[in-house]
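Subject: Handover of a structure

Dear colleague,

Please find the structure below, handed over for your own work. I would be grateful if you would read the notes that come after it alongside the coordinates.

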Amino acid sequence: MSQTAKRQQAPGGYRLRVGGHLDQRWSAWFDDLTLTRESDGTTSLSGAVTDQAELHGLLMKIRDLGITLISVDVIDPPDKATPITSG
Amino acid sequence: MATSLVQTKLYVPRLRRSLVARPRLSGRLSRGSDARLTLISAPAGFGKTTLLTAWLAAIATENRSVAWLSLDESDRQPATFWTYVITALQAAVPGIGADALPLLQSAQPPIETVLAAVLNELAATPNDVDLVLDDYHLVDGPDLRDGMTFLLEHLPPHVHLVISSRVDPLLPLARLRARGELVEVRAADLRFTPDEVATYLNDVIGLDLTPDDIVTLEGRTEGWIAALQLAAISMQGRTDIGGFIAGFAGDDRYIVDYLVEEVLARQTEQVRTFLLRTCLLDRLNGPLCDAVTGEPGGRATLEALDRANLFLVPLDDSRHWYRYHHLFADMLQAHLGDERPDEVTDLHRRASRWYDHNGQPAPAIRHAVAAGDIERAADLIELAIPELQRNRQEATIRGWLDAVPYEVVRMRPVLAVGFVAALMAGNEFEGVEARLRDAERWLEPAVGDGKEPHARSEGMVVVDERELSRLPGVIEMYWAALALVGGDVPATLRHAQLAIDRADDEDDVTRAGASAISGLAFWGSGDLEAAHRAYSSCVERLQRAGHLSDVLGCSITLADIRTTQGRLSDARRTFERALQLAAEVTGTVLRGTADMYVGMSQIAGERGDLHTATQHLARSQELGEHTGMPQNPYRWRVAMARVRESQGDLAGALTLLDDAQRVYLGDFLPNVRPVPALRARVLAAQGRWREALDWAREQGLSADDTLTYVREFAHITLAKVLLARYASDGDKSSLNDASRLLARLRPAAVAGGRAGSVIEILVLESLTHQVGGDIPRALGPLVEALTLAEPEGYVRVFVGEGPPMKSLLKAVISRQAGWDYVRRLLAAFADDDRTAQTATLGEPATNPSRRLVEPLSERELDVLRLLATDLDGPDIARQLFVSVNTMRTHTRSIYAKLGVNSRRAAVSRAEELGFVSRSRDR
């Protein structure tokens, strides 16, 4: 697949990084995204995100918990974890 | 809407017992008591609501009222949102917007009309009013933006909007900021400073912390009050506070996670269970909690939690209803999902049952859906639909449609038809046919040509038996509506008749609906007499059903039909009858009343009685746009434009027509007299036939078109324009086109019984001959027109044609000296001339403005009348909904045209000229 073709498809996966370490129980709250507590004191929530509506729903949940949003990256859905483009 | 629900949304939260004084914030906010908008924008748990209530308490005086509205997600829909806003305002200004509220229940609620009416009432209140919208982020969106912007722009200076939100709202904040009309308090402002933290923890909570402790806690929580409160709870009664602080500071966890866990760990098992089981509820009271937890003592537990400050927010004064602080509820739900996932469904189920038993269908349905009890949710929806339909809350019904899978709806004919109604009310037609067929499947062909619903056949699910018996008629009505939308007239009429035949004996509403749909079909195909019959049936049935406002609405249509048929007296009688009906309704002005006066104005205008025409329009304006149908603003302006045109003020007429186009709202009736066509007529009269021809070109109109009733007015307009062109530049082909077109229009109008159109066509035919130099040939059609017109008293259609018609009428009189009607018409011409001269007896002429070298525009006349009152500049601007600058521009122009340079001189000259009477009694 060429670079242009990739860009035209809507992203199927995201990694959201937030400030602080979240408990594992929050994974279910965030649509079962994989929750990883990073060594720099942040937490990553990553996995498949169906569409933009779901993404904004997740962002709203982050907002409503008063957690600081640090970054949003596009990733390949579940299996691969390497970021393709910056968010 | 259950009253208790509404009350909790309007409740102004009580001031907390012990608060930290935060003078720096009070200082910021104090500017807000004069500002147009005060915005508190910060994430959850920053103390927005607390700050607001403290501030409002501090500025409370006798002359200041608060209207508070706590918003929910379900308030997003504009009609719902504005209804709540007006209801909230009624706490501060009793009775405000009472007349306008019903307008919000129509299919296309005219938001600006409603807001204008409310703003007018606000302008008149003596008190300062603070309108507070709490949790605005729950409703914020493009749907509300226009209305909110309008409200903000026109807010009187003593009314202040206060918004608390987790997100900056979709409003013109930058503009307000630049104009200094915005006061903001943001997260950075709301964070507790180390001093404030110390005051809170040591003085208010009563802990004994060292300065180092304070610094640590402030650092870890960053002054976030929600976290500080949780920490405070954890530290109270704990012996090793130092240990707690150290542990807390050294931990990397999301602080709310950490703290809530601490708090939960220190509760009794009973309280912990209570919290987890009730956190799914939007609102809590004792009985509901008992039902959901399965344990008694809910009320006592709530009171204890309230006393312990455990994130319960009271929703009323009597401490019946509470809710959890949002952040805390989210936390608890996450814990619940983690620790007791299998309880969740049952909890929702219990809540749903309780709400159902307590007459609150909406939350009952919400919880049923959350529990996955789709069948039960479908039952509840079916039962809730009739009431929602009565209150025109179809959008709510539409929202539930997505929650119920198609397979479930298929088995439920009543529910399916209820959804059809909601879809069609929202102009969504996809899927309607399929659902109607599904519903029909359950009906059995009965004796004769009717249909009966199956008696409890295999699989059919019905909860609302009464609605079931209405189904045969209702389904046919929706088929008729669908056929109408698809333009299939025969099918429309067939289904409408079936609807009437099959409707329940007492179901006047369905029969009325079916009659109206037939009426529309007949109208669209040009059979006016049949349309009138159908609408008359509709009106009869509506009256029986008590839907009086709809009777008025249909009266407009009935009168329109009669006018087209050339029966002005009958049209007038229709309006008079409707007004009689309206007069019998006491205590409120029946919606549609304003439109009756607009209609009567138009009839008076046709008969040349401009004085009465103007009076009727004034009466309509007095009553207010909100006492008319949503199309009233547009109709009024069109009628007023006609008056101006009759007075010779063509420029004024055009301005009004442009305005009318701006506020135009379509309805179900075909638009047979579109504003652009009306405009084209005025342009032609001004000699601007080129622009008028542009309009014809855009519309694809030509003299050789196939003629249909719906385009008749447009075609007659084209003929006028072509004639104007010939009169201006002698283009023969235009004259020929006009003649050809008119020759075809006439038989069509005659065949359709449209005498009103026939008269106009004959007049134009007469003029085509005259302008071509053939006076004898011109007289034939003219005499025919006069004969038709005389019994109904038409004047304008002749006098509006000016000098050419005048000379033709003189020719008629010379051959038939005894024809009084023609003499009267000629006298009417003389009146027109007279108004162009200066007044002799000091009486105000029909249009005094014509006596100025440059006449005043409509708008300028409005300003001038207000200059004659005691209002100051800004107040006048406000009354007219313009900026002070715009008003000043108008004033300058007025002074120039009147030849004065002061307000007093302008008023005095206005009185001389008769624009303004010396003693006004408005």
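Predicted model: local features only at pLDDT ≥ 70, side-chain atom pairs only at ≥ 80, totals over all residues.

Residues are numbered from 1 along each chain as its sequence is written, and chains are lettered from A and ligands numbered from 1 in the order in which they are written.

Contact between the chains

Chain A places 14 residues in contact with 19 residues of chain B; two residues are in contact if their C-beta atoms, placed from the backbone, lie within 7 Å. On the side of chain A that touches chain B, H2 and helix H3 (52-64) of chain A each supply at least two residues. H2(A) gives the most, with three residues. Helices (H or I, at least four residues) and strands (E, at least two) are DSSP runs, numbered from the N terminus. By residue class, this side of chain A divides into six nonpolar, four polar and four charged residues. Here Ala, Val, Leu, Ile, Met, Phe, Trp, Tyr, Cys and Pro count as nonpolar, Asp, Glu, Lys and Arg as charged, and the others, Gly among them, as polar.

Domains of chain B

The domain assignment of chain B gives domain 1 (3-190), domain 2 (194-266) and domain 3 (848-913), with bounds that come from an automatic or database domain assignment. The centres of domain 1 and domain 2 of chain B, taken over C-alpha atoms, are separated by 34 Å. Six residues of domain 1 of chain B are in contact with seven residues of domain 2 of chain B. The domain 1 side of this contact divides into two nonpolar, three polar and one charged residue.

Single residues

Asp32(A) has a positive phi, near 60°, although it is a residue other than glycine. Asp32(A) lies in the loop between helix H2 (26-29) and strand E2 (34-37) of chain A. Asp32(A) counts as exposed because it has 11 C-beta neighbours inside 10 Å; the cut-offs, with C-beta atoms placed from the backbone, are 20 or more other C-beta atoms within 10 Å for buried, 12 or fewer for exposed, and in between for partly exposed.

Asp135(B), also a residue other than glycine, has a positive phi near 65°. Asp135(B) is in the loop between strand E3 (128-134) and helix H6 (142-154) of chain B, and is buried because 21 other C-beta atoms lie within 10 Å.

Yours sincerely
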